[in-house]
Amino acid sequence: MSVIKRFAAACLILLIFSCATETIKIYSFNIQIFGVSKMSKPEVVDVLVKIISGADVTAVQEVRSAGADPVTQFMSLLPPAYRHVIGPREGRGRSKEQYWVIYNSEKLTVRDCAVWPDPDDIFERNPFAVYFQTKDKFDFILINNHIQPSAAAAEIEALPGLVSYFQELWNEPDVLVAGDFNADGAYYDESLLETIFPKEKYLTVITNEYDTTVAESENTYDRIIITSSAREDFTGKFGVIRFHEVYEFSRYAITPKEVSDHYPVWAEFRLDKDTD
Ligand SMILES: [Ca+2]
Ligand SMILES: [Ca+2]
Ligand SMILES: [Ca+2]
Ligand SMILES: [Ca+2]
């Protein structure tokens with residue numbers, strides 16, 4: 001091959017690489033009582049840092065801490081481009097939780113965030129919404145929720161109302177409802193989910209056959225559900241991160257349960273196809 005042909009071939013390869021679709025991975029992860037105690041276990045923290053560094057956005061549930069120290073401390077361990085937004089302490093009783101959303105500022109910026117006002121007082125922990133703009137076309141709303149197990153049916157039934165509310169608030173049709181829905185097992189008849197989120201209007205990315213729990217029981221508590229307008233942005237790739245298999249727990253002295261009782265769930269989106 002002549003020098004010119006080689007040069008042309010190299011240019012073509014470069015062009016293909018630079019045109020490759022850029023994507024983001026969005027996780028939802030119930031970290032189970034994230035606070036001082038969890039942050040005092042270096043190996044647990046190490047695994048959490050590895051998991052969350054693999055995502056561009058992570059919707060975290062179950063931050064339980066009176067002070068901000070565990071969150072600030074954890075953020076300092078992530079790559080410098082990672083930023084976060086965190087909701088207020090939520091819960092009717094003494095046990096309060098916060099919704100926490102961590103994102104890669106090299107790929108996304110936060111346009112706004114808001115707590116669901118819950119006018120009929122349905123939710124134990126009012127879901128927290130973040131309106132994101134990626135560095136390309138894709139913009140979307142992420143609604144982070146942790147459904148109360150004992151009120152799962154009523155809270156899940158109310159979620160489409162939140163979707164409409166935030167769509168109108170920010171004039172944005174692409175919504176990802178992500179979180180620990182407790183939508184299975186003794187808490188909820190998972191076959192009802194498709195009546196609440198019908199196929200004509202939503203795509204349930206994490207469907208009923210996936211096991212999102214670390215325990216031996218098989219339950220699909222954690223979900224990502226997207227509005228139809230976000231189908232064009234979804235790459236079709238998604239999954240459940242069985243972290244003790246991914247990160248070779250044999251080299252750690254901890255058990256998977258010390259990290260969380262839930263696995264993170266994820267979905268991937270392209271940044272360049274959004275039309276709405
Ligand atoms: Ca959009
Ligand atoms: Ca299931
Ligand atoms: Ca399981
Ligand atoms: Ca869209």
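Strand β2 (residues 57-63) and strand β4 (residues 98-104) run antiparallel, joined by five bridges. Within this pairing, Val 60 stands opposite Trp 100 in β4. The model is a predicted one.

β2 and β4 belong to an open sheet of six strands. Its order is β3-β4-β2-β1-β12-β11, and the pairing is mixed. At the edges stand β3 (82-86) and β11 (234-240). Each has a single partner strand, so one side of each is left without a neighbour in the sheet. On average, neighbouring strands of this sheet are turned by 20 degrees against each other, direction ignored.

Now step back to the whole chain. Its secondary structure comes to eight helices and 12 strands. Along its principal axes, the C-alpha trace spans about 75 × 45 × 35 Å. The protein chain has a radius of gyration of 20 Å. A compact globule of 276 residues would have one near 19 Å, so the two agree. Of the 276 residues, 38% count as buried.

What lies inside? The largest nonpolar core has 69 residues. Val 57, Leu 142, Ile 143 and Leu 176 have the most contacts inside it. Take Val 57, a residue of β2 (residues 57-63). Leaving aside neighbours within four places in sequence, Val 57 is in contact with Ile 24, Ile 26 and Tyr 27, among others. Its other contacts include Val 101, Tyr 103, Leu 108 and Leu 142.

A further sheet comes next. Six strands form this open sheet, in the order β5-β6-β7-β8-β10-β9. The pairing here is mixed. β5 (108-115) and β9 (202-204) stand at the edges. Each of the two has a single partner strand, so one side of each is left without a neighbour in the sheet. Neighbouring strands of this sheet are turned by 20 degrees against each other on average, direction ignored.

Which strands flank β10 in this order? They are β8 and β9. Strand β8 (residues 175-180) pairs with β10 in the antiparallel sense, over five bridges. In that pairing, Asp 180 has Asp 222 of β10 as its bridge partner. On the other flank, β9 and strand β10 (residues 222-227) also pair in the antiparallel sense, over three bridges. Leu 203 has Ile 226 of β10 as its bridge partner. Tyr 202 stands opposite Thr 227 in β10.

Is β10 mostly covered or mostly open? It is mostly covered: six of its six residues are buried. Both of its faces are covered. On one side, Asp 222, Ile 224 and Ile 226 are buried.

One last stop is the loop between β9 and β10, where Val 205 has its place. Is Val 205 buried or exposed? A residue needs 20 or more C-beta neighbours within 10 Å to be buried. Val 205 has 25 inside 10 Å, so it counts as buried. Not counting residues up to four places away in sequence, Val 205 touches Ile 224, Ile 225 and Ile 226 of β10, along with Phe 238 and Ala 267. Val 205 and Phe 234 are 29 residues apart in sequence, and their C-alpha atoms are 9.5 Å apart in space. Phe 234 belongs to β11 (234-240), an edge strand of the sheet where this walk began.

Technical notes. Residues are numbered from 1 along each chain as its sequence is written. Chains are lettered from A and ligands numbered from 1 in the order in which they are written. This is a predicted model: local features need pLDDT of at least 70, side-chain atom pairs count only at pLDDT 80 or more; totals for chains, interfaces and linings use all residues. Two strands pair if DSSP finds at least two bridges between them. Axes are lines fitted to C-alpha atoms, for helices over the stretch in contact, and angles run from 0 to 180 degrees between N-to-C directions. The radius of gyration is taken over C-alpha atoms; the globule rule is 2.2 Å times the number of residues to the power 0.38. A residue is buried if 20 or more other C-beta atoms lie within 10 Å of its own, exposed if 12 or fewer, and partly exposed in between; C-beta atoms are placed from the backbone. A nonpolar core is a set of buried Ala, Val, Leu, Ile, Met, Phe, Trp, Tyr and Cys residues joined through C-beta atoms within 7 Å. Two residues are in contact if their C-beta atoms, placed from the backbone, lie within 7 Å.
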